[in-house]
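Reader: Before I rely on any label attached to this model, I would like to see the criterion behind it. Could you take me through them?

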Amino acid sequence: MKSTKTAQKPFVKNEKVWFGTSPVVCDLCRASNLMSRRNFVDGKTVFGPWAIMCLECHMLVGAGIGDGRGQHYRLHDDGRWVKIGG
Ligand SMILES: [Zn+2]
């Protein structure tokens with residue numbers, strides 16, 4: 001099988017969309033409003049447990065982006081959270 005990497009585009013086929021309840025605040029700092037920041041990471045922390053976190057917290061304690069580490073979602077204008085990384 002040939003494996004090809006495609007560039008991340010705003011709209012792609014087979015895009016992954018967040019189906020859970022729309023997150024409101026960061027699990028870690030409880031201060032970042034994720035709707036207004038339009039981004040969150042559902043990912044593993046360096047402490048072990050997973051969390052929904054803002055990008056700042058992810059920079060500090062996130063275990064990274066990728067399979068088994070974390071997924072980065074961005075809020076589109078139509079209200080969907082679309083995975084853009086991980
Ligand atoms: Zn945070």
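Author: The answers below set each value against its definition. Residues are numbered from 1 along each chain as its sequence is written. This is a predicted model, in which local features need pLDDT of at least 70 and side-chain atom pairs count only at pLDDT 80 or more, while totals for chains, interfaces and linings use all residues.

Reader: Why is Arg30 called exposed?

Author: A residue is exposed if 12 or fewer other C-beta atoms, placed from the backbone, lie within 10 Å of its own, buried if there are 20 or more, and partly exposed in between. Arg30 has 10 such atoms within 10 Å, so Arg30 counts as exposed.

Reader: What makes Arg38 partly exposed?

Author: Arg38 has 13 C-beta neighbours inside 10 Å, and therefore counts as partly exposed. Arg38 also has a positive phi, near 65°, although this residue is not a glycine; most residues other than glycine have a negative phi.

Reader: How do you know that E1 and E2 pair?

Author: Strands (E) are DSSP runs of at least two residues, as helices (H or I) are of at least four, numbered from the N terminus, and two strands pair if DSSP finds at least two bridges between them. E1 and E2 are joined by 4 bridges and run antiparallel, so they pair.
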